[in-house]
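Here is a short report on one protein model. Please look over the sequence and the structure before reading on.

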Amino acid sequence: MKLIMAIVQDKDSAILSDELVEANVRATKLPSTGGFLRAGNTTFMIGVEDERVDQVLQIIKTNCEAREQFVATPVSMDVPMDSAIGFPMEVHVGGATVFVLPVDSFHRF
């Protein structure tokens with residue numbers, strides 16, 4: 001038994017959830033926040049048998065696409081006003097960060 005923890009961008013959350021249900025994979029969704037962009041994420045906790053890990057990883061990979069996005073740089077109060085204007089910066093967002101952990105015991109009540 002494995003615990004798959006997948007952190008995905010909110011934009012990909014609904015479709016991933018639908019695909020997991022379609023594949024008869026149970027998951028618990030938790031709201032989370034990313035550190036760099038402080039953007040909304042969803043963390044999926046998925047308990048699966050060892051032989052289904054590759055299937056679940058493929059579902060995540062297929063439905064959580066990485067993309068480029070422009071964000072405004074934060075304005076600092078430590079600089080003069082004429083240079084305090086934020087400018088757009090292209091960053092890599094999306095995709096999924098996935099951890100696969102061993103599970104010693106699993107109970108459903």
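## Model and confidence

This is a predicted model: local features need pLDDT of at least 70, side-chain atom pairs count only at pLDDT 80 or more, and totals for chains, interfaces and linings use all residues. Residues are numbered from 1 along each chain as its sequence is written, and side-chain values use heavy atoms, with hydrogens and water left out.

The mean pLDDT (the predictor's confidence in each residue, from 0 to 100) of the protein is 83. A value of 70 or more is reached by 71% of its residues. Helices (H or I, at least four residues) and strands (E, at least two) are DSSP runs, numbered from the N terminus. Where pLDDT is low, the predicted coordinates should not be read in detail.

## The sheet

Four strands make an open sheet, ordered S2-S3-S1-S6, with antiparallel pairing. Two strands pair if DSSP finds at least two bridges between them. S2 (28-33) and S6 are the edge strands; each pairs on one side only. Neighbouring strands are turned by 20° against each other on average, direction ignored. Axes here are lines fitted to C-alpha atoms, for helices over the stretch in contact, and angles run from 0 to 180 degrees between N-to-C directions.

S1 and S3 are joined by eight bridges in the antiparallel sense. Met5 stands opposite Met45 in S3.

## The helices

H1 lies across S1, S2 and S3, at about 25° to S3.

Which residues of H2 (residues 53-63) are buried? They are Val53, Val56, Ile59, Ile60 and Asn63; buried means under 20% relative accessible area, exposed over 50%, partly exposed in between (1.4 Å probe, protein chains only). They share one side of H2 because they cover an arc of only 125° around the axis. The arc is that of the directions from the helix axis to the C-beta atoms. Asp54, Lys61 and Thr62 are exposed on the other side of H2. The cover over the buried residues of H2 includes S1 (2-9), H1 (10-22), S3 (40-48) and S6 (96-102).

Leaving aside neighbours within four places in sequence, Ile46 is in contact (heavy atoms within 4.5 Å) with residues including Leu20, Val56 and Ile60.
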